[in-house]
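Me: Could you take me through one part of this model up close? I'd like to know what sits beside it and what surrounds it.

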Amino acid sequence: MSHTPLAPTPSNTYSFSRVKCFQQCPLRYRFRYIEGRKEAFRSIESFLGSMVHDVLEWLYGQRDEGFEPAETATLEEFSRRWAEERDRSVTVIRVSDDDEDYHRLGREMLSRFFTTTFARDRSRTVSLEQRLSKRLSPEVLFTGFADRVGRTDTGRLFVVDYKTSKSEGDGSEFSEGLQAPLYAACILDHHDDDEALAGYHYLRHGTTRWQIIDRDRAGQLVARFLELVREVEAAGDFPARPGVLCAWCGFNATCPSSQVPEGLSGGLRCAEEMGRGLF
């Protein structure tokens, strides 16, 4: 079965997720960003993250419009969106889990966030889901989306990224070291502040970790990300890098090196059922 082609990502435009994909598996990178292939399925974890992010955007948007949404209304909004947008391409990877496990988890995360963070949050929103871009060199553009940009009740500029992952970050470049700090570097281009806070809020844990990004640090981050982009551009081939992440890769039915254990075969089964098992 032939693949419906997507438009390949512009060769000079790099997001954090694009560079991270290359680091994880160069072959997946080639399929997605160079050839513009569409992945056969979307993991339930990815769908859960999107739904939670959308509801958090809605929640702060309601407040910005002068409303005070209740916790019950927030959970109802999540369940409504879940039911409307869930389709057969969204796949539960762990065969021992089911859809309701993740739906319940999303409600738990939002309930915790509402009662422990949102209800006490006195910060002012500057923008929600703001598209960011920054010229790293004459020919390379960094782009991304900031979940929320705001100012604390004392006026400090911040950008926060919401995470629905099981584990909190470990501080490494592709965990906490680059994404939100790069967003803060972009935000500083549009404000007169000498520094901005870059934060990750871990919704499963109810914790937030902040870093201070001043203009010197912003310059260092930009230079480091450009180094990583140059590594991608210099790649002569794009070998598969098989491992546990194969189970969540939407190309696992077409990749000859894919390693998917039986207990994590939900995505592979979906790809085969949808006819994506052939090039």
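Reply: Let's start with V160, which stands opposite G199 in β7. V160 is part of strand β6, residues 157-163, and strand β7 covers residues 195-202. (Strands here are DSSP runs of E with at least two residues, helices are runs of H or I with at least four, and both are numbered from the N terminus.) Keep in mind that this is a predicted model: local features need pLDDT of at least 70, side-chain atom pairs count only at pLDDT 80 or more, and totals for chains, interfaces and linings use all residues. Residues are numbered from 1 along each chain as its sequence is written, and side-chain values use heavy atoms, with hydrogens and water left out.

Back to our strand. β6 and β7 run parallel, joined by six bridges. Strand β5, residues 140-151, also pairs with β6, but in the antiparallel sense and over four bridges; DSSP has to find at least two bridges for a pair. To get from β5 to β6, follow the hairpin they form: five residues lie between them, and G155 in the turn has a positive phi of about 95°.

Now, what's around β6? Seven of its seven residues are buried, so the strand is largely enclosed by the rest of the structure. (Buried means under 20% relative accessible area, with a 1.4 Å probe and protein chains only.) Both faces are covered: you'll find L157, V159, D161 and K163 buried on one side, and F158, V160 and Y162 buried on the other.

Skipping its neighbours within four places in sequence, V159 is in contact (heavy atoms within 4.5 Å) with A146, R148, V149, A180, Y183, A184, L197, A198, G199 and W210.

Notes:
Buried < 20%, exposed > 50% of the residue type's maximum accessible area, 1.4 Å probe, protein only.
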